[in-house]
Amino acid sequence: MTFQRRKNYCSRKECKRDISCTHTFIQEKGVRLGSRCFVSSECGKYVTKFSSFHCQQRGHTGEKPYQCSECGKSFAWSSALRDHHRVHTGEKPFQCIECGKSFAWSSALRSHQRVHTGEKPYQCSECGKSFTTKTILQIHQRVHTGEKPYKCNECGKSFTTKTILQIHQRVHTGEKPYKCSECGKSFAWSTALRSHQRVHTGEKPYQCSECGKSFTTKTILQIHQRIHTGEKPYKCSECGKSFTQSITLRVHQRVHTGERPYKCSGCGKSFTRSHALLYHQSLHTGEKPYICSECGKSFTTKDILHQHQRVHTGEKPYKCT
């Protein structure tokens, strides 16, 4: 680390401070004499206090003398350590005057306030989209660059953000932190919990513009719409047959592989589909849990019940071409 010498005047045009001697700007005791400026030889920035200069230089040297007693993390500045402590204390001194939400850091409050003002100062040079923070812009730009810096150690899959990686890892750990307050069922993702809760509330916010049917999730709506568009994006590599859903393709492929993962505990017979096993098991138990609301007849599967109900509705969906 070095300091430059200056004679007569500080060379910074905006400064014009009088320098009465030709000593170097290093003062052994770090005392500012007269009206001198200190200039960094690394980045050329000027400060008027030696202490400020010394702190600034840590950005170049990497020195981090301030350590957190809670977690051991180190920081270059005492102010950064004070800000970090809020992670442990939960203190949130910066409050939004619009909605009352509080934040641990002033920078987080400034970013949040853009939600109210609509300001999006960070623009993507590729597509022109704007964002409220520089971090969100950098994450977005990975869409264009294809960069996926966060890799799963278990399966090798890569992701654009650390958060998405952590969520993905629940596939391997089996962690399901989101629990339904109605039935106690747990989920790995908050979106999965929200979708599930619609089973209890009956909410179906996604409506098909073709036939008016409503669905609990956007994904189910998109799959349904393939009935109208005729799209079948999942193709069997063995026989060329196409399907509307990936799960239907996987079930179909068992015809070629011979896989029968669903086994009857009663007689040992195996099946390619779970509902085929349920139907088979009902032959052993005699159970017919699906009852027709019109006539009271009972059936072993939901599919058979639906077919029966056409007797009452008069529906004839299969037309000869």
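**A walk through the predicted model**

Let's start just past helix H10, where glycine 286 takes a positive phi of about 80°. Helices here are DSSP runs of H or I with at least four residues, strands are E runs of at least two, and both are numbered from the N terminus. What you're looking at is a predicted model, in which local features need pLDDT of at least 70 and side-chain atom pairs count only at pLDDT 80 or more, while totals for chains, interfaces and linings use all residues. Residues are numbered from 1 along each chain as its sequence is written, and side-chain values use heavy atoms, with hydrogens and water left out.

Back up into H10 itself, residues 274-285.

Histidine 140 counts as buried because its relative accessibility is 12%. Leaving aside residues up to four places away in sequence, histidine 140 touches Cys124, Cys127, Lys129 and Phe131.

What about disulfides? The structure holds zero, taking a disulfide as a pair of cysteine sulfur atoms within 2.5 Å. Cysteine 99 has its closest cysteine sulfur in cysteine 96, but at 3.8 Å that is too far for a bond. Likewise, the sulfur of cysteine 236 is 3.7 Å from its closest cysteine sulfur, in cysteine 239, and that is too far for a bond. Cysteine 99 is partly exposed at 43% relative accessible area, whereas cysteine 236 is buried at 2%.

Over in helix H3 (residues 106-117) you'll find alanine 108, which is partly exposed with a relative accessible area of 25%. Its C-alpha atom is 9.6 Å from that of threonine 133, 25 residues apart along the chain.

Finally, a word on confidence. pLDDT is the predictor's confidence in each residue, from 0 to 100; the protein chain has a mean of 81, with 81% of its residues reaching 70 or more. Over residues 1-35, pLDDT stays under 50, and the model has 57 contacts beyond four places in sequence for them. Where pLDDT is low, the predicted coordinates should not be read in detail.

How values were computed: Buried < 20%, exposed > 50% of the residue type's maximum accessible area, 1.4 Å probe, protein only. Contact = heavy atoms within 4.5 Å. Expected span 1.5 Å × (residues − 1).
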